[in-house]
Amino acid sequence: MNDLAIEIHSVQKSFGKSEVLRGMSFQVERGQTFAFLGRNGEGKTTTIRMLLGLLNRDSGMLRVLGRDPAVEPLAVRAQVGYLAEDQTMYGWMRAGEILRFVAPFYPTWDHELALKYANDFEVPLQMKIKHLSKGQNVRLGLVLALAHRPELVILDDPALGLDPIMRKQFNRDLITHLQGEGRTVFYSSHLLYEVEPVADEVAILDEGRIVRQSGTEQLRADVKQITLPSDAILALNKKVKILDQRPDGNEVAITVEGAESVVEQLRCESVEHRVTDLNLDEIFEAYVMGQGAPEIGKFAGVAKS
Amino acid sequence: MSHGPIDSPRDNCYSSVVTWCNSLVKVMILRIEKGSAVPISRQIGGQIATLCASGKLQPGERLPSVRELARELAVNQNTILRVYERLVHDGLLEMRHGQGTFVTDGARANSLVFHRQRLLEELRQLTRQGVALGLSSEQLHELLAEALDQLREIAPNLEETSQ
Amino acid sequence: MKTNQQAMRSVWHSLLWKEWHEHKWKLVSLTAMLLAVASLFRNDVATIDSSGVALTSLLIPYSLLAGVFLGMSTAGRESGRGTLPFLQSLPAPMWKPGISKLGVAIFAAVLPVLVFVGVVYFWRLGGGENLETTNFNGKSWQITELLLAITTASALSVSSLLLWVATAGGNRSDEICAGAIGFLVISSVWLALGLSANQVDKLHLETLEHGVELLIAAAPGGAVVAWQNKSENEYWYLLLVATGVISHSFVLAWYLRRFGKVVTRPNRFGGNVSALTLSKNQQLGPPMRSQFTAIAWKQIRETGPLALMALGGIIAITTVAWFFDKEGADVREIGVLLGSITLSVCFFVTFVTGIGVFFEDLKPGVDDFWRSKPVNYSLWFGVKFVVGASVLVAAFGTLMLLANWLSGSVLISREPHPLVQVATLGLIFLWIYTLAMATYCLLRQPIYAACLTFGLLCSGVYVISWIDNYLLRGFDLHWSVWLVSMLFFQVCATVVAWRAVRNDWGWKG
């Protein structure tokens, strides 16, 4: 059996004239907790809807649990637990009723598990959905996404609408109920500092492509800010990938990939430098907003590879 | 203890957690700062090492399991596992098969080695700032002595406890 | 799973349970409306000579109303309230929810007819007239036979209309939009058929006439013609039935193929891109000067498209008629045709527009949005009411003037004064518009609002004619009585709608 839960290879998607995804590729291994990051409107939800077969791609290859969702959408949906962003459910149903309503759609539905999750997540089963708070609504959606013991759980920005206490509870649930049971979790989030403690792996989507996919810890070890004299930048190997650079007097602060080798290199050439650790927000910003390609003539020797 | 840059606007995303180590009913307080420039694994590792160094974790005491700690801190189990493995590698902890993770006898000494490197790095950063501000070597030493004096005032037996 | 026997139902059970819950009150209100109207006209319904006419004149509007409103909720309700993405994400093919929705809707449309006819039959039994015969539609009928035939015909036509509306209005963004498109499609089909029948009549070709009859059987609600032809020729009757079945199977297949197959484009997508396209349009013009213009602009944007669509439809159909009528070249005839088409479309569009004026505004999220702004609710209501009505008056008034001019003023009779006639006609439509608006504001569900509006319209007409015929008998004030009472009802309805909007009265579920 394939050990990839999700496999996407140069997928393209346009809506009318605007191209949302331009050859996006990434892979999610089974058992991983995978965070999918990108600015709003960069196509996260589009990608997620494609994974469920709710949207079709224009070109490229896409497999979810070894199946093509465009060809077998029902088989994929039956094996995947999905929580949509801002999921609207039938307001007139009671929380307990929607559990019973959804149950027969999933062959592997475990109603006792559903009731247990509802209890764990403090979802009031007697209440009508339209009277639930936003947080209760999300948690009810989560119960619906988990109760059939899916191999893969896809959550579209579940933190949206949860307060800090609930987010912590949610992260805890995610860790205990999903990571603890070896499930694959693929989720998108706009709260990067919430992602870091939880995710094994992150992928950053920018301008319709994945600009970086990496283990969370590796990413933080790999991308760092180095402050060095402006002229020393020319001494750097041309292969060094500079994500962002900010002149600071006669020094320049550069954000680089492969920090370890860069530091090694600087040490060899005995260039005075300082290394600053970056948090995930700053790393994300460097990838998404960074001025990597030097436009100033002074830095002409360094190219974004 | 490691702290990230103070300029983070999200002061509310700490999570202080009290964990009772089941066997010895020992309180272990770990505090995670989300969004910090210091990676979570290093925050946790550093704090456990500090607890060992200060004697709050005594040799032979059992730590919470990876699962328990992950749940308490709401942190990925793999991260916790890596922290424990790293601390085992550094000689602070040992994993006894089937029993759990325990503080080693040499934990305190080893934790100093663990901390020495980190403290040196932090002092180096501070010194660099000082030099950039035009402080001389004497002035820098003075500052360090003053900081130490201030701490002694607050906690007179500071040095005794850490001996 | 063995552990949860009680919870495990089949997908069908689940879907039917859901649809039943969503339709049960619609069923109740349709039945109540039908019975209420029937009891108003109990004398006509239960009297042997008028019963056929009375029954059909009640059941034809019922079929249209129930067919269109249940059809539009079948087509547009899921997307209108935003639950379609959830339904789509369930691992079941979309035709399953599609067919259960349609099935339960048809059930909810047909059952009131059965109950209604059952009650009428009971009234009749009470009078002991059940073995008598009556003349209807040029034939002699036994009562039970007549009731059975009328029931079958109404059940078939309401189901057929519902199916057509649900199919034509499929995948629209909300119910009102689905209903408008569904109605437009149905009326276009019928007008096209009517025109071709007219043409064929002139040619005196029997085969063509039969062809048109077949087409009618295939058309929305066309099943009615089938039972009329039943006695004539067995084979011909079978052929008609077969045509109807085949055409409706095609429509059904199309409905099932399309149901829920709408690509919901993720919102918020392309933040940068849309900012660019925005700046190209004039969207970034200066802010509006007053609240009045702002609300009026919004209302024109909301009502305008519907009115324009109706206008376009009417003109297109009349143009086609004119094209075919060339040899006759009688402009007057076209004027009359235009007038009658406009009136019938106007009735429906006014109805839908009335419901639609506050449709968007009273959706839960939107309601909070505009109420949280420093707006004067009375101004909000007043401007919307007046602008909505003006758009309708402008659109249909122009057409009626044109029709009257073309027809050489035959549309207006000599007695009473033309102004009185225009005012009465205008008031009728204004009344429908206001009633629909008021009931929607109070009930906040299109289908219930439609039922209540229809019931109130019928009772209003009943009350006015009662005043005219009994209370003021011998005074010969017919037109003034009608005008004054309608004005009175109009004011009542407006006040109710205004208070409902201002005080946020209404059933919020």
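Predicted model: local features only at pLDDT ≥ 70, side-chain atom pairs only at ≥ 80, totals over all residues.
**View 1. A salt bridge between A:Glu194 and A:Arg167.** The two side chains meet at 2.9 Å, N to O. Because A:Glu194 belongs to helix α7 (residues 192–195) of chain A and A:Arg167 to helix α6 (residues 164–179) of chain A, the pair ties together parts that lie 27 residues apart in sequence. A:Glu194 and A:Arg167 are both buried.

**View 2. A salt bridge between C:Glu78 and C:Lys18.** Their side chains meet at 2.8 Å, N to O, and the pair links distant parts of the chain, with C:Glu78 in helix α3 and C:Lys18 in helix α1 of chain C, 60 residues apart. Both C:Glu78 and C:Lys18 are buried.

**View 3. A salt bridge between C:Asp361 and C:Lys298.** The distance is 2.8 Å, N to O, and the pair connects the loop between α13 (331–357) and α14 of chain C, which holds C:Asp361, with helix α12 (residues 291–324) of chain C, which holds C:Lys298, 63 residues away. C:Asp361 counts as buried because its relative accessibility is 1%, under the 20% limit.

**View 4. The second largest pocket, with a volume of about 1,700 Å³.** Of the 49 residues that line this pocket, A:Gly91, A:Lys130, C:Arg77, C:Arg81 and C:Pro364 are the closest to its centre. The lining divides into 14 nonpolar, 15 polar and 20 charged residues, and among the helices that each supply at least two of its residues are α5 (134–146) of chain A and α1 (11–40) and α3 (51–80) of chain C.

Technical notes: Residues numbered from 1 in each chain as written. Chains lettered and ligands numbered in written order. Heavy atoms only, no water. 1 Å grid on protein atoms, 1.4 Å probe; cavity = no way out; pocket = protein on both sides within 12 Å on 5 of 7 lines; lining within 4 Å. Points joined across faces, edges and corners; volume = space filled by probe spheres on them. Helix = DSSP H or I, 4+ residues; strand = E, 2+ residues; numbered from the N terminus. Nonpolar A, V, L, I, M, F, W, Y, C, P; charged D, E, K, R; others polar. Salt bridge = Lys/Arg side-chain N within 4 Å of Asp/Glu carboxyl O. Buried < 20%, exposed > 50% of the residue type's maximum accessible area, 1.4 Å probe, protein only.
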